[in-house]
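Reader: I'm new to this one. Can you walk me through it, in short steps?

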Amino acid sequence: MSEAADAQPSNRRQIRSFVRREGRLTVGQSRALEQLWPAYGVEPGGGVLDLQALFGRAAPVVFEIGFGMGDYLVSRVVAEPGHDFFGVEVHRPGIGRVLHRVHEAGCRNLRVACFDAVEVLRDWLAPESLDEIVIQFPDPWHKKRHHKRRLIQPAFAALAASRLKTGGLLSLATDWAEYAEHMRTVLNAEPALRNQAADGGFVARPPTRLRTKFEQRGERLGHAVFDLAYRRL
């Protein structure tokens, strides 16, 4: 197993693929974070998680990196009560919004963390513990000097593959064409993953992927959206 897939905690300094942009919390978001975090939130420091204990049952687990304001995540949590969902986001207003909406819907199949998703994947989750990993519209870091900050890199591809069960799905989307090609090149080169497009390219938008306001805005500006899907061998 590669160093990136090692489940042991690491003190290595790493380049962050995100910038914290706190924004202003609404009264409802603030209240949700205060009142609902004990029921849905996961804190660092507990070592590798026992997902069955965390959710109180054995069920397929979907892990979303960077869920933003959470429209997609909430839609799946509500529509798929037989699945458990673990979302990671550093934008607290988005977390507050998700907690409020999921609680209002009466759902208990969600856990969230406000932390670096790469560290969560590496240090909190055991190898072969996830049924699906979702990454939608990650920051493309479009300036060349910032490309090193992109999430999708060879070490990350190996890490993500190691956390998926055999047959597990890695699903991605971006509206940045050059980053889409970068993703495809990196992920096609990872030997533990198989591209689900017959030609090794992109796939059609999966039916589970909600067309968010962000995506609809991009389409109005003429941005194409590229979907990728990979199975763990």
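Reader: Is Glu178 buried, exposed or in between?
Author: Glu178 is partly exposed, because its relative accessible area is 39%. Buried means under 20% relative accessible area, exposed over 50%, and partly exposed in between, with a 1.4 Å probe and protein chains only. This is a predicted model, where local features need pLDDT of at least 70, side-chain atom pairs count only at pLDDT 80 or more, and totals for chains, interfaces and linings use all residues. Residues are numbered from 1 along each chain as its sequence is written, and side-chain values use heavy atoms, with hydrogens and water left out.

Reader: Which helix is Glu178 found in?
Author: Helix H7, residues 177-188. Helices (H or I, at least four residues) and strands (E, at least two) are DSSP runs, numbered from the N terminus.

Reader: And what does Glu178 touch?
Author: Leaving out residues up to four places away in sequence, Glu178 touches His147 and Arg150. Contact means heavy atoms within 4.5 Å.

Reader: Step back a bit. How many helices and strands are in the chain?
Author: The chain has 8 helices and 7 strands. Of its 233 residues, 48% count as buried.

Reader: In what order do the strands form the sheet?
Author: The order is E3-E2-E1-E4-E5-E7-E6, in an open sheet with mixed pairing. Two strands pair if DSSP finds at least two bridges between them. The edge strands are E3 (110-113) and E6 (193-195), each pairing on one side only. From one strand to the next, the twist averages 20°. For angles, axes are lines fitted to C-alpha atoms, for helices over the stretch in contact, and values run from 0 to 180 degrees between N-to-C directions.

Reader: What about E2 and E3, which sense do they pair in?
Author: Parallel, over 4 bridges, with E2 covering residues 84-88. Phe85 stands opposite Leu110 in E3. Val88 has Ala113 in E3 as its bridge partner.

Reader: Where do the E3 side chains point?
Author: Leu110 and Val112 point one way, Arg111 and Ala113 the other. All are buried. In a regular strand, side chains alternate between the two faces of the sheet.

Reader: Now helices. At what angle do H5 and H6 pack?
Author: About 50°, with the axes of H5 (residues 117-124) and H6 (residues 154-163) 10 Å apart.

Reader: Which residues of H3 and H4 meet?
Author: Asp71, Leu73, Val74 and Val77 in H3 meet Arg97, Val98, Arg101 and Val102 in H4. This contact divides into 5 nonpolar, no polar and 3 charged residues.

Conventions:
Nonpolar A, V, L, I, M, F, W, Y, C, P; charged D, E, K, R; others polar.
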